[in-house]
Amino acid sequence: MTLDADEFIRRFLIHVLPDGFHRIRHYGLFANANRADNIALARRLLGVPHPAPWSADSDRADGGHEDEERNICPCCGGRMVTVETFQPGCQPRLWPIPAIGFDSS
């Protein structure tokens with residue numbers, strides 16, 4: 001399909017939300033109260049084993065510090081970094097955030 005530039009931009013901008021709005025999905029596997037059943041069914045159909053439950057009492061490499069245990073990824077065990085915390089109804093900072101010295105390579 002070939003579009004004029006104006007029509008392409010119009011169609012593209014239909015998907016851009018105004019400032020202050022956040023896109024929320026209300027459909028699919030994770031949309032309703034049956035999400036746990038849907039995920040269990042998908043795991044069974046795909047033949048994927050259930051993940052081991054993660055608990056704060058499990059073995060940790062951080063020495064059991066209270067502040068650090070909240071910053072552990074439940075999937076890989078790596079350290080999660082809080083980028084920003086803001087109250088409901090407040091605007092987050094403008095992006096992009098300046099580099100803070102983490103090498104992601």
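Arg-10 and Glu-7 sit 3 residues apart in helix H1 (residues 5-13), about one helical turn from each other. The two form a salt bridge, with the closest N and O atoms 2.8 Å apart. A salt bridge here is a side-chain nitrogen of Lys or Arg within 4 Å of a carboxyl oxygen of Asp or Glu. The model is predicted: local features need pLDDT of at least 70, side-chain atom pairs count only at pLDDT 80 or more, and totals for chains, interfaces and linings use all residues. Residues are numbered from 1 along each chain as its sequence is written, and side-chain values use heavy atoms, with hydrogens and water left out.

- The whole structure holds 2 salt bridges.
- Besides the Arg-10 bridge to Glu-7, Arg-11 also meets Glu-7, at 2.8 Å from N to O.
- Arg-11 and Glu-7 are 4 residues apart in helix H1, about one turn of the helix.
- Side chains of opposite charge can pair when their charged atoms come close.
- How exposed is Glu-7? Glu-7 is partly exposed, at 24% relative accessible area.
- Arg-10 is partly exposed at 46%, and Arg-11 is partly exposed at 36%.
- The cut-offs are these: buried is under 20% relative accessible area, exposed is over 50%, and partly exposed lies in between (1.4 Å probe, protein chains only).

- A search of the whole structure finds 1 aromatic pair.
- Phe-8 and Phe-12 form that pair, and it is stacked, with 6.2 Å centre to centre and 20° between the planes.
- Rings of Phe, Tyr and Trp (its six-membered ring) pair if their centres lie within 6.5 Å; planes under 30 degrees apart count as stacked, over 60 as edge-to-face and the rest as tilted.
- Phe-8 and Phe-12 are both in helix H1, 4 residues apart, about one turn of the helix.
- Phe-12 counts as exposed, at 51% relative accessibility.
- Val-16 lies in the loop between H1 and helix H2 (35-46).
- Val-16 is partly exposed, at 45% relative accessible area.

**Arg-35 in H2**

- Arg-35 is found in helix H2.
- Arg-35 is partly exposed, with a relative accessible area of 41%.
- Which residues does Arg-35 contact, leaving aside its neighbours within four places in sequence? They are Leu-29 and Phe-30.
- Contact means heavy atoms within 4.5 Å.

**Whole protein**

- The protein has 3 helices and 0 strands.
- From the N terminus on, its elements run α-α-α.
- Helices (H or I, at least four residues) and strands (E, at least two) are DSSP runs, numbered from the N terminus.
- Of the 105 residues, 4% count as buried.
- Among contacts with a separation of 6 or more, 3% join residues 24 or more positions apart.
- The protein exposes about 10100 Å², and carbon and sulfur atoms supply 58% of it.
- Accessible areas come from the Shrake-Rupley method with a 1.4 Å probe; for residues, only the protein chains shown count as cover.

**Confidence**

- pLDDT is the predictor's confidence in each residue, from 0 to 100.
- The mean pLDDT of the protein is 75, and 71% of its residues reach 70 or more.
- Among the elements, H1 has the highest mean pLDDT (94) and helix H3 (residues 66-69) the lowest (60).
- Over residues 60-65 the pLDDT is below 50; this stretch has 5 contacts in the model beyond near neighbours in sequence.
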